Amino acid sequence: MHGERYAPDTDGGGRTDRTARRPALWGTVAGTVLTVLAVLVANSGGNTGGSHVAAGTAAGGTKVVRTVAVTLTGMRVRPDRIEVAAGTALRLKVTNTDAQRHDLEVEDGPTTPMLARGDSRVLDLGPVTEDREAWCTLPGHRAAGMTLYIAAAAAVDDGFGGDGGADAEHDGRTAASGSGTEDGPDLTAGFSAGWRPRPADLAPAPGKTVHRTELRAARTDVEVAPGVTQRMWTFGGTAPGPTLRGRIGDVFEITLINDDPGMGHGIDFHAGSLAPDGPMRTIEPGERLVHRFRAEKAGAWLYHCSTAPMLQHIGNGMYGAVVIDPPGLRKADHEYALVSSELYLGTPGSAAQVAKMRRNEPDAWTFNGVAAQYAERPLRVRAGERVRFWVVAAGPRNGIAFHIVGTVFDTVYKEGVLLLGPGDPGGAQVLDLAPAQGGFVETTFPEAGHYSFVDHDMRHAAAGAHGTVEVIG
Ligand SMILES: [Cu+2]
């Protein structure tokens, strides 16, 4: 009788005799419950809580109280499952040991306030008579795995106890597959009136050697594909955030301000070399920090939100590029910056959206955050002009095979190395970048026409990672 394993009597049958207690009971309890701090069995004489115990589970005025230590850490709730005998009054002593804030809300029950690192709070659930879930309410944290399953032991005999968590997960996946976005957005639909593409032009590095930028973290509604608006998590109101550019030796001083009322954010600049502890820490709503780094090396660098779960913070738009010119970089007639990324539609941080991120099933792929935007508004150059394309792969899951139909690259610079120069006899067709890598390619367009640039992973190209260079004679 699994459901009776907490029964005070040990003859295996009694639901009525709750007064006989033998030492053997305690061994049984300890062997079946994780992290039980205290188990109290008290007569209800003078204990007003006794009347709340469900009938049939702890008759005779006996109250069973359990206190379980629960830790919020690393996007998990530990333990992630607690079993109690039905009717047990459960108390959770919730402690956050993570660097960022979390809370814990119990289904149909109490919620802790936001807990900073080291904070604790006791949640009094009262008698548990059926299975319940608990989770962190911050956006995306439940989907990232911050859940606790509380099983009422009487349900074990009904077959729910061992599978409850799996059932919940299954429900989430059902919801994801039923979201109707498996084919992605309709890229042939028109953008809304007044829509403007994200400018791809990259201006030369400014003459100054100290670059001060204010970046506000916020949530912003963006038309991410023709006619499709998605709430993005943004730096500076756009996804990607602004592209920063300078030279070796320049200092970048970025003031990050968290305007997002609902969660913490941070920032990580790959172009800098420093201890992450302070500059990349998560700041809470309303807070600000100054992130200062000196660009010691040339390259096309990624920056991104440093707050966990980064799959979600990057996957929802918190990324951008930093270009540090290599010494002797020659003049080009046009320079463009293209940040590639995936796009995941749906409520940010929801189980359905995060499931798509985990399964690597984006709804679309983009250059500069918007599917097919440069097919709608082509980049325009003249035949024979030297054109440089800086490319950074933001991911969060996929790299890119950057190719321009009808051209050969005579210059390829990748991850700090000039792989191919104009004097070389060979040519290149693709700049391949793993997630977070960057580089540039150069070419000249031989004659007037319409040259598609694509991620040559054709699934990505077909689902938004394509644009057009319109070349006039
Ligand atoms: Cu963030």
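In this predicted model, the site of the copper ion is irregular, with angles of 84 to 131° among its four donor atoms. For four tetrahedral donors, the ideal angle at a metal is 109.5 degrees.

The four donor atoms are ND1 of His265, SG of Cys305, ND1 of His313 and SD of Met318, which coordinate the copper ion at 2.0 to 2.6 Å. Along the chain, these donors follow the spacing H-x39-C-x7-H-x4-M. Cys305 and Met318 are 13 residues apart and link distant parts of the chain. Cys305 lies in the loop between β16 (299-304) and α4 (310-315), whereas Met318 lies in the loop between α4 and β17 (319-325). Cys305 has a relative accessible area of 0% and is therefore buried. Met318 also counts as buried, because its relative accessibility is 0%.

Elsewhere in the model, an open sheet is formed by four strands in the order β4-β9-β8-β6, with mixed pairing. Its edge strands, β4 (81-84) and β6 (105-106), each pair on one side only. In general, strands of a sheet pair through backbone hydrogen bonds, in either a parallel or an antiparallel arrangement. The pairing between β6 and β8 (residues 132-135) is antiparallel and runs over two bridges. Glu105 has Trp135 of β8 as its bridge partner.

Technical notes:
Residues are numbered from 1 along each chain as its sequence is written. This is a predicted model: local features need pLDDT of at least 70, side-chain atom pairs count only at pLDDT 80 or more; totals for chains, interfaces and linings use all residues. Side-chain values use heavy atoms; hydrogens and water are left out. Two strands pair if DSSP finds at least two bridges between them. Donors are N, O and S atoms within 2.8 Å of the metal (3.2 Å for Na, K and Ca); water is not among the atoms, so sites may look incomplete. Four donors count as tetrahedral if all angles lie between 85 and 135 degrees; four count as square planar and six as octahedral if opposite donors are over 155 degrees apart and all others between 65 and 115; anything else is irregular. Buried means under 20% relative accessible area, exposed over 50%, partly exposed in between (1.4 Å probe, protein chains only).
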